[in-house]
Amino acid sequence: MQDRQTLSLKGMVCNRCITVLKSSLEQLSLSVEEISLGKVTVSGLNLLASYSDLNATLALLDFEIIEDPEQKLVADIKTYIGEVLNSTRLIEGRVRFSKVLSEKFHTHYDTLSAVFSRVEGVTLESYVIRERVNTIRKYLMNTDHSLTEIAFLTGYSSVFHLSKQFKAIAAVTPSEFRQLHKKANTLWLN
């Protein structure tokens, strides 16, 4: 009987990563049973000539198996934050990340935050704000949504709060960012 193992991976950041990883693992004759950002469940590891073949393939793709429990938890937290930011949960109501993370991981937020800070060197709150600002940047670059609509889509209670956090991270206001992006695209096209 083939072994079945779930691996936590560092470095998976987009859906393209999933496609590339699946193809590469199948080339190693591994059966990919489940795959998502940060995790892959495979069978057939016992058939590999060497476990280093797997590590070498992952290294070529800039992925790495996470074996440290704290690093694994941080990777899972990052993945879950990305899932929440890319879901409709933010639209359905004000999301308090401290609450949803505690519920998801069955651990007090202070403990999650301490582990995250220890592993990443940045607070969990700062990471969440930075990821929310990155989501806002995507909306500003790829849509014509108003700031009010973007605030609603990203779970901010007001445009003022969104703008304040955006400027603290991006060093420009959301409106200035959109104008700079449009100007850069115009220059590039000409």
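**Figure 1. Secondary structure of the chain in the predicted model.** The chain's secondary structure comes to ten helices and four strands, where helices (H or I, at least four residues) and strands (E, at least two) are DSSP runs numbered from the N terminus. Read from the N terminus on, the elements follow the order β-α-β-β-α-β-α-α-α-α-α-α-α-α. Along the principal axes, the C-alpha atoms fill a box of roughly 55 × 50 × 30 Å. Of the 190 residues in the chain, 38% are buried, a term that stands for under 20% relative accessible area, with exposed meaning over 50% and partly exposed the range in between (1.4 Å probe, protein chains only). Among contacts (heavy atoms within 4.5 Å) between residues at least 6 apart in sequence, 57% join residues at least 24 apart. Residues are numbered from 1 along each chain as its sequence is written, and side-chain values use heavy atoms, with hydrogens and water left out. Because this is a predicted model, local features need pLDDT of at least 70 and side-chain atom pairs count only at pLDDT 80 or more, whereas totals for chains, interfaces and linings use all residues.

**Figure 2. Confidence along the chain.** The mean pLDDT of the chain, that is, the predictor's confidence in each residue on a scale from 0 to 100, is 87, and 92% of the residues reach 70 or more. Where pLDDT is low, the predicted coordinates should not be read in detail.

Figure 3. The strands form an open sheet in the order β2-β3-β1-β4, with antiparallel pairing, two strands being paired if DSSP finds at least two bridges between them. Strands β2 (31–36) and β4 (64–65) stand at the edges with a single partner strand each, so one side of each is left without a neighbour in the sheet. Five bridges join β2 to strand β3 (residues 39–43) in the antiparallel sense; along this pairing S31 stands opposite S43, and V32 stands opposite V42. The two strands form a hairpin with two residues between them, and G38 in the turn has a positive phi of about 85°.

**Figure 4. The cysteines C14 and C17.** The structure holds zero disulfides, a disulfide being a pair of cysteine sulfur atoms within 2.5 Å. The sulfur of C14 has its closest cysteine sulfur in C17, at 3.6 Å, which is too far for a bond. C14 counts as partly exposed at 33% relative accessibility, while C17 is buried, with a relative accessible area of 12%.

Figure 5. S102 has its place in helix α5 (residues 97–105). A polar atom of the S102 side chain lies 2.9 Å from the backbone oxygen of S98, and a polar atom of that side chain lies 3.1 Å from the backbone nitrogen of Y109. Leaving aside neighbours within four places in sequence, S102 is in contact with T107, H108, Y109 and L112.

**Figure 6. Helix α7 and its buried residues.** Helix α7 (residues 124–142) has 19 residues and reaches 27 Å from its first C-alpha to its last, close to the expected 27 Å, a span given by 1.5 Å times one less than the number of residues. Its buried residues are L124, Y127, V128, I129, R132, V133, T135, I136 and L140. An α-helix has 3.6 residues a turn, so residues three or four places apart point the same way.

Conventions
Polar contact = N/O pair within 3.5 Å; in protein donor to acceptor, adjacent residues only side chain to side chain.
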